[in-house]
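Dear colleague,

Please find below the structure that I am handing over to you.

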Amino acid sequence: MCDACTATVDEIENILVMDELEKLLEDVSGIACSLVPFKPVSQSCVEFTQDFLEEVFYNLKNILKEYDGDRICHIANLCKSDAVITSGLELASSSPLCEVCEDALHLTRRALTDPALEAAVKADVKLACAFTGFFHKKCEQYADAFTSSLFGQVRKTFDQFDDHNTCVLFDFCADTGNKTTVCDVCKDSYNEVSNFLTDGSLKKLVVDEVDLACRASGPVSRLCIAEANKVIDVIFGVIDKVFETETAGKFCHQIHLCLKSEN
């Protein structure tokens with residue numbers, strides 16, 4: 001059973017990483033985009049799909065470098081061994097579920113914090129900005145600022161979590177020495193969200209984006225900006241008020257992730 005599983009998975013992986021498969025999908029998407037009658041949109045469609053496919057196959061090949069047939073079949077419990085080496089980090093727990101959890105978090109962390117992904121997202125957003133006409137430069141500037149802020153927040157969040165300890169918290173792994181609780185994770189997550197929504201940078205980014213959109217409305221742009229800013233002030237005022245009155249401990253107790261004594 002182990003040999004059959006390994007051979008099958010290896011064959012599937014060989015097909016998935018073939019350059020011919022990527023080229024075939026690019027050709028098919030190019031034909032589909034050519035059916036769009038408006039040439040600028042058709043060309044943008046081709047560029048977008050090619051960038052997207054390149055990004056997908058780049059991440060796929062990186063994942064498959066670490067997961068050959070033997071490794072996947074061990075995770076699926078179709079092959080047996082005393083210890084299975086995880087994604088270059090440490091020896092796995094004897095529990096296959098623990099191993100899957102740790103590896104899934106590791107791969108998610110690596111994919112979402114990869115500078116190549118951030119660069120690809122920025123390139124895709126700039127492509128969309130091309131449709132804003134005279135405002136494309138401003139659009140690109142704001143898009144860069146927003147994307148950098150977003151990926152910075154993602155990296156900061158992942159820096160605060162350890163893959164193994166997170167899996168222990170959700171009972172995928174056993175670790176009697178770990179003292180962190182689900183309540184701790186809940187409160188830390190709440191505080192991160194609170195800081196992100198109330199530190200002022202998000203509001204400034206929203207104001208700038210709305211200002212850019214309103215300028216496209218011509219004669220009523222000033223009125224648009226004034227009214228939009230009033231709405232933004234109300235929304236962020238409510239957000240600030242909520243986080244002023246609701247503490248992390250109180251919130252996590254209400255959703256039953258913290259005991260009252262842990263508030």
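The notes below begin with the whole protein and then turn to individual helices and residues.

Please bear in mind that this is a predicted model. The protein contains 12 helices and zero strands, and its pattern along the sequence reads α-α-α-α-α-α-α-α-α-α-α-α. Of the 263 residues in the protein, 30% are buried. Where contacts link residues at least 6 apart in sequence, 66% of them join residues at least 24 apart.

Helix 7 and its partner

Helix 7 spans residues 136-159, which amounts to 24 residues. From its first C-alpha to its last, helix 7 reaches 34 Å, close to the 34 Å expected at 1.5 Å a residue. Its buried residues are Cys 139, Tyr 142, Ala 143, Thr 147, Phe 151 and Phe 158.

Helix 10 covers residues 201-215, and its axis comes within 11 Å of the axis of helix 7, the two crossing at roughly 160°. Because of that angle, helix 7 is roughly antiparallel to helix 10. The crossing in which helix 7 passes helix 10 is left-handed. On the helix 7 side the meeting involves Lys 138, Cys 139, Tyr 142, Ala 143, Ala 145 and Phe 146, and on the helix 10 side Leu 205, Asp 208, Glu 209 and Leu 212. Cys 139, Tyr 142 and Ala 143 are among the buried residues of helix 7, and these three residues also take part in the meeting with helix 10.

Helix 10 and helix 11

Helix 10 also packs against helix 11: their axes come within 9 Å and cross at roughly 155°. These two helices are therefore roughly antiparallel to each other. Their crossing is right-handed. The contact is made from helix 10 by Leu 202, Lys 203, Val 206, Val 207, Val 210, Asp 211, Cys 214 and Arg 215, and from helix 11 by Ser 221, Cys 224, Ile 225, Ala 228, Asn 229, Ile 232, Asp 233 and Phe 236.

Ser 221 belongs to helix 11, which runs over residues 221-245. With a relative accessible area of 16%, Ser 221 is buried. Not counting residues up to four places away in sequence, Ser 221 touches Cys 214 and Arg 215. Both of these partners are listed on the helix 10 side of the contact with helix 11.

Val 9 is part of helix 1, which comprises residues 2-16. Val 9 is buried, its relative accessible area being 16%. Setting aside neighbours within four places in sequence, Val 9 is in contact with Gly 69, Ile 72 and Cys 73. The C-alpha atoms of Val 9 and Asp 70 are separated by 8.3 Å, although the two residues are 61 residues apart along the chain.

Ala 4 also lies in helix 1. Ala 4 counts as partly exposed, at 47% relative accessibility.

Aromatic residues

How many aromatic pairs does a search of the whole structure find? The search finds two. One aromatic cluster is formed by Tyr 190, Phe 243 and Phe 251.

With kind regards

Technical notes: Residues are numbered from 1 along each chain as its sequence is written. This is a predicted model: local features need pLDDT of at least 70, side-chain atom pairs count only at pLDDT 80 or more; totals for chains, interfaces and linings use all residues. Side-chain values use heavy atoms; hydrogens and water are left out. Helices (H or I, at least four residues) and strands (E, at least two) are DSSP runs, numbered from the N terminus. The expected span of a helix is 1.5 Å times one less than its number of residues. Buried means under 20% relative accessible area, exposed over 50%, partly exposed in between (1.4 Å probe, protein chains only). Rings of Phe, Tyr and Trp (its six-membered ring) pair if their centres lie within 6.5 Å; planes under 30 degrees apart count as stacked, over 60 as edge-to-face and the rest as tilted. Axes are lines fitted to C-alpha atoms, for helices over the stretch in contact, and angles run from 0 to 180 degrees between N-to-C directions. Angles under 35 degrees count as roughly parallel, over 145 as roughly antiparallel, 65 to 115 as roughly perpendicular and the rest as oblique. A crossing is left-handed if the near helix is turned anticlockwise from the far one by less than a right angle, and right-handed if clockwise. Contact means heavy atoms within 4.5 Å.
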